[in-house]
Structures are given as structure tokens and as C-alpha cells.
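Hi everyone, thanks for coming. Let me put the structure up, and then I'll walk you through the parts I'd like us to look at together.

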Amino acid sequence: MAPTSRRNFIGITGKAGFALCFGSSLLKACTATSRIRSSKFTTGFEQKPLPYAYNALTEAIDAQTMEIHYSKHAASYASNLRDAAGAEGVDMSKPLEDVLEKVSKYSSKMRNNAGGHYNHELFWNAMSPSGNNLSGTLATAITASFGSFDAFKNQFEEAAKTRFGSGWAWLIVNRDKRLQITSTPNQDNPLMDVAELKGYPLLGLDVWEHAYYLRYQNRRPEYITNWWKVVNWNAVRDRYDSIA
Ligand code: MN3
């Protein structure tokens, strides 16, 4: 195992996993047990309808940006994903997560568009017109992991602001239910076998310029600050609770 992938692997499985998987002969079994899956949420290969109107999130995102983002950018990822899946023999009746977990075996067209489609489906559902407050199990876990909700927000904002070029900031949960913040370039995500830090994405923020440029131009930090107003914490918590 290369040093990088070994580090990632340990990051997911934690101490117990490390002990269990130390022998390389057990690698195959360990890889299987390191999958992080939700019992409730899986992603298909078609775009789902946007769960609100284009002008519903104007506290943070203007209607024109939403319309172009959903109906042009995200629609293209979904369409190009189906092209790639057809060409590369992917069974589209199975969850897209199956592809993401071994995306290194596919083309770069697959990697970019499988990620692009998954990330946007998650993004739309993690927002709601009025937003709502974090509560329940995830609130407790965030405080335990980061010290406070504000400390979590600061760390997440830092990941979003410092992602160079195009990419995403993430709140992820590991297989041992440990929360972490990370970011990925382009349309990569933490489910991918190529990700630096792997985990199940609970919340993702799109920091591509297409997500904010019409209203915010170069002011990515202002976009990030306003985005908190429309985060649908109930949906984020549901994802957390769905991890087996
Ligand atoms: Mn986008």
C-alpha cells in the first residue's frame, strides 16, 4: 500500500480498524469493512427536482445563479455522467455511491461528472429557504468534535475560503462516527477512493465561481457567510443519523 493510501485508510478505520487490518493479507476484508454507507440515502443517475423555487434562497443565493447552476451546470454533470456510465458499462440501477468508491478505475469523465452530480444533489438538499437550527445528535457531536458550533463554523469557513480554485468544503463523518472537515478540488468528494481524507459527506459547500460570482464576484467569504442562513440542518442531521 502506498504511504498516502495507507494514511487515508487508517483515517477512516480508526485505531480499532488499524489493529484489525494491520496484516496486509487482510487487506481485502478490511477494504470492505471501511465502506461508509447510509442506510437511507443513496444517489441515482438522474437529477431530482429542486426542492424549492430558484428564488427561494435569496438571503444567500440569487435566483439567476440558482437557475443557471441547477438547470445548466448540474444538469450537464448528470447528463455527462449517464454518457460515461453507458460507455463504461456501469449498472445505473445501482447507487452512484458504488462508482464513487472505486472511481479511480474509471475515466476522468466519470470522475468529474459522477462527483459533479453527487455533490450537487447533496448541495440542493442541504439548503432550505429559511434555514433552520442545528439540534439533536449532530449538535452534540459537533460540540464534542470541534469544541463549539462557532469553532466548527470557523474551521469549515477556513476550508471553504482556502480551497484554491474550484472545489468543495465538507463536513464528513468517519466510520467510527468521528466528524471532520475537509475540502476537495474540482468535483471530487470524500466518498472517492482518490480523496485525501475519506468519509461520508454530511454537508458540502460549492465554492466554484459559478456558485456565487454573479452576486458576489470575487467575494467568496461573503458568499460563505450568507450561506449559513440557508443551511437545512434538519437534512444534515438526518444524514448523520442514517449512518449505520
Ligand atoms: Mn456547482
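Here is something to start with: what joins the side chains of Glu88 and Ser107? Keep in mind as we go that this is a predicted model. The answer is a polar contact of 2.5 Å between the two side chains. Along the chain Glu88 and Ser107 are 19 residues apart, and their C-alpha atoms are separated by 8.3 Å. If you look for Glu88 on the screen, you'll find it in the loop between H3 and helix H4, the latter being residues 96–100. Glu88 counts as partly exposed, because its relative accessibility is 29%. Setting aside residues up to four places away in sequence, Glu88 touches Tyr106, Ser107 and Met110.

Let me zoom out for a moment. The chain has 10 helices and 3 strands. Reading from the N terminus, the order is α-α-α-α-α-α-α-β-β-β-α-α-α. There are 244 residues in the chain, and 48% of them count as buried. If you take the contacts with a separation of 6 or more, 71% of them come from residues 24 or more positions apart. As for the surface, the accessible area of the chain comes to about 11500 Å², with 52% of that belonging to carbon and sulfur atoms.

Now to the metal. Which residues hold the protein donors of the manganese ion? They are His69 and His120, each through NE2, then Asp206 through OD, and His210 through NE2. In sequence, the spacing of the donor residues reads H-x50-H-x85-D-x3-H.

His210 is worth a stop of its own. You'll find His210 in the loop between S3 and helix H8, residues 213–216. With a relative accessible area of 18%, His210 is buried too; the cut-off is under 20%, so 18% falls on the buried side. The side chain of His210 makes a polar contact of 3.0 Å with that of His69. Another polar contact, of 3.4 Å, joins the side chains of His210 and Asp206. Leaving out neighbours within four places in sequence, His210 is in contact with Thr65, His69, His73, Tyr77 and His120.

H5 has 18 residues and reaches 26 Å from its first C-alpha to its last, close to the 26 Å expected at 1.5 Å a residue. Of those 18 residues, 13 are buried, so H5 is largely enclosed by the rest of the structure.

Next is helix H6, residues 136–146. Which of its residues are buried? They are Leu138, Ala139, Ala141, Ile142 and Phe146. Looking down the axis of H6, the buried residues fall within an arc of 165°, so they line one face of the helix. As a reminder, an α-helix has 3.6 residues a turn, so residues three or four places apart point the same way. On the face of H6 turned away from the buried side, you can see the exposed residues Thr140 and Ala144. And what does the buried side pack against? The partners are helix H7 (149–162), strands S1 (167–173), S2 (179–185) and S3 (200–206), and helix H10 (233–241). Just after H6 comes Gly147, with a positive phi of about 100°.

Asn186 has a phi near 55°, a positive value in a residue other than glycine. Asn186 lies in the loop between S2 and S3, and with a relative accessible area of 42% it is partly exposed. Gln217 is not a glycine either, yet has a positive phi of about 45°. Look for Gln217 in the loop between H8 and helix H9, residues 220–227; at 31% relative accessible area, Gln217 is partly exposed.

Conventions. Residues are numbered from 1 along each chain as its sequence is written. This is a predicted model: local features need pLDDT of at least 70, side-chain atom pairs count only at pLDDT 80 or more; totals for chains, interfaces and linings use all residues. Side-chain values use heavy atoms; hydrogens and water are left out. Donors are N, O and S atoms within 2.8 Å of the metal (3.2 Å for Na, K and Ca); water is not among the atoms, so sites may look incomplete. Helices (H or I, at least four residues) and strands (E, at least two) are DSSP runs, numbered from the N terminus. Buried means under 20% relative accessible area, exposed over 50%, partly exposed in between (1.4 Å probe, protein chains only). Contact means heavy atoms within 4.5 Å. A polar contact is a pair of N or O atoms within 3.5 Å; within protein, one must be able to donate a hydrogen and the other to accept it, and residues adjacent in sequence count only if both atoms are side-chain atoms. Accessible areas come from the Shrake-Rupley method with a 1.4 Å probe; for residues, only the protein chains shown count as cover. The expected span of a helix is 1.5 Å times one less than its number of residues. The arc is that of the directions from the helix axis to the C-beta atoms.
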